Amino acid sequence: MPWSTEPKVVALGGGHGLAATLSALRSLTTELTAVVTVADNGGSSGRLREEFGVLPPGDLRMALAALCREDEWGATWAEVLQHRFAGDGEMRGHVAGNLLIVSLWEQLGDHVQALDWVGRLLGASGRVLPMALTPMDITAEVRGLVPSDPDALTTVCGQVEVATTDGVITSIRLEPPEPRPCPEALDAVRSADWVFLGPGSWFTSVIPHLMVPQLRAALVETEARVVVVLNLEEQAGETPGFGPGDHLAVLGEHAPDLHVHTVLADKGTVAGDDDLEHLVAAYGARLVVDDVALGDGSARHDPVKLAAAYERILGAEGD
């Protein structure tokens with residue numbers, strides 16, 4: 001890569017989409033920070049959040065696992081971190097990494113310090129930070145849930161509920177509307193050379209970062225080049241009927257002042273999509289079309305192909 005020094009890169013998102021991006025980026029730079037959505041209210045994370053009043057640890061755990069090295073140490077700890085307990089008792093469904101993270105939060109009383117300790121234990125190739133330090137919920141305005149009035153808007157609360165709604169999401173917001181931001185996340189965005197947004201669940205993992213006022217301001221004001229990575233297809237519940245251009249348009253509706261430098265789309269997804277090219281041009285951004293799909297019939301990105309595409313994007317501007 002033609003950089004004289006390693007680029008500082010921040011990746012924002014949550015879940016499997018962010019994990020794929022982190023797995024790709026960890027091979028390109030050690031100056032890597034993940035800023036993670038923390039609004040999950042389901043599964044092991046939801047149970048721990050309800051019982052202990054903590055941030056939901058699940059997406060943070062997945063990001064840490066994605067930053068583990070591929071040697072024996074990293075692979076072993078990644079498996080331990082992701083281990084989900086079986087059985088029929090109260091531990092059923094809990095994930096070992098979630099318990100470890102919450103244990104350190106209680107022990108140290110500091111979200112960021114605890115995550116840094118977990119990263120050190122794993123030998124993680126980068127840092128993981130929450131997008132905010134306040135437990136929050138995602139609330140969506142959804143159209144199509146009232147049979148007698150298809151255009152009526154219904155308020156749906158909770159990340160799980162929003163992600164699985166039968167209606168069409170028109171907008172989201174956070175409750176509380178101004179959660180306390182993570183100072184280290186703000187600093188990382190402000191000092192970054194590159195910021196990656198997406199792929200992932202668009203309304204519950206990607207856009208929420210733009211709903212935290214101070215984080216949004218940092219994303220708008222940063223001198224970093226912002227790369228938006230589009231999803232491969234629609235997602236049942238969140239984005240039914242969405243094409244690549246719809247994902248970008250919704251992002252623009254929620255953050256019209258965000259300056260996008262590059263939009264990355266999979267070539268198999270956007271073949272013949274002239275509308276996307278025109279929309280990207282209207283943003284003043286450049287469209288990069290590459291082969292980034294896993295190719296197994298699923299709607300997942302391939303971390304190896306993503307790494308090659310990301311290296312080409314960073315290298316094109318690194319001279």
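Me: Which residues touch the most other members of the largest nonpolar core?
Reply: Leu22, Trp105, Met131, Phe196, Leu215, Leu264 and Tyr310 do, in a core of 101 residues. Keep in mind that this is a predicted model.

Me: Take Leu264. What does it touch, leaving out residues up to four places away in sequence?
Reply: Val228, Val229, Leu230, Val288, Asp290, Val292, Leu306, Ala309, Tyr310 and Ile313. Tyr310 is also among the core residues that touch the most other members.

Me: New topic, the sheet. What is the order of its strands?
Reply: The order is β3-β2-β1-β7-β8-β9-β10, seven strands in an open sheet with parallel pairing. β3 (127–130) and β10 (286–290) are the edge strands; each has a single partner, so one side of each has no neighbour in the sheet.

Me: How much are neighbouring strands turned against each other?
Reply: By 20 degrees on average, with direction ignored.

Me: And how many bridges join β1 to β2?
Reply: Five, between residues 9–13 of β1 and residues 32–36 of β2, and the two strands run parallel.

Me: Which strands does helix α3 touch?
Reply: Helix α3, residues 58–66, packs on the sheet and touches β2 and β3. Its direction makes about 165 degrees with that of β3.

Me: What about α13? Which strands does that one touch?
Reply: β9 (262–266) and β10. Helix α13 covers residues 274–282 and also packs on the sheet, its direction making about 140 degrees with that of β10.

Me: Is helix α11 largely enclosed or left open?
Reply: Largely enclosed by the rest of the structure, because eight of its 11 residues (the helix is 244–254) are buried. The buried ones are Pro244, Gly245, His247, Leu248, Val250, Leu251, Gly252 and His254.

Me: Now the whole protein. How many helices and strands?
Reply: It has 14 helices and 10 strands. The radius of gyration is 19 Å, close to the 20 Å that the globule rule gives for 319 residues, so the protein is as compact as a globular protein of that length.

Me: What does the C-alpha trace span?
Reply: About 60 × 50 × 40 Å along its principal axes.

Me: What share of the residues counts as buried?
Reply: 54% of the 319. The accessible surface comes to about 13,800 Å², and 49% of that belongs to carbon and sulfur atoms.

Me: Last one. Among contacts between residues at least 6 apart in sequence, what share joins residues at least 24 apart?
Reply: 70% of those contacts.

How values were computed: Residues are numbered from 1 along each chain as its sequence is written. This is a predicted model: local features need pLDDT of at least 70, side-chain atom pairs count only at pLDDT 80 or more; totals for chains, interfaces and linings use all residues. Side-chain values use heavy atoms; hydrogens and water are left out. Two strands pair if DSSP finds at least two bridges between them. Helices (H or I, at least four residues) and strands (E, at least two) are DSSP runs, numbered from the N terminus. Axes are lines fitted to C-alpha atoms, for helices over the stretch in contact, and angles run from 0 to 180 degrees between N-to-C directions. Contact means heavy atoms within 4.5 Å. Buried means under 20% relative accessible area, exposed over 50%, partly exposed in between (1.4 Å probe, protein chains only). A nonpolar core is a set of buried Ala, Val, Leu, Ile, Met, Phe, Trp, Tyr and Cys residues joined through side-chain atoms within 4.5 Å. The radius of gyration is taken over C-alpha atoms; the globule rule is 2.2 Å times the number of residues to the power 0.38. Accessible areas come from the Shrake-Rupley method with a 1.4 Å probe; for residues, only the protein chains shown count as cover.
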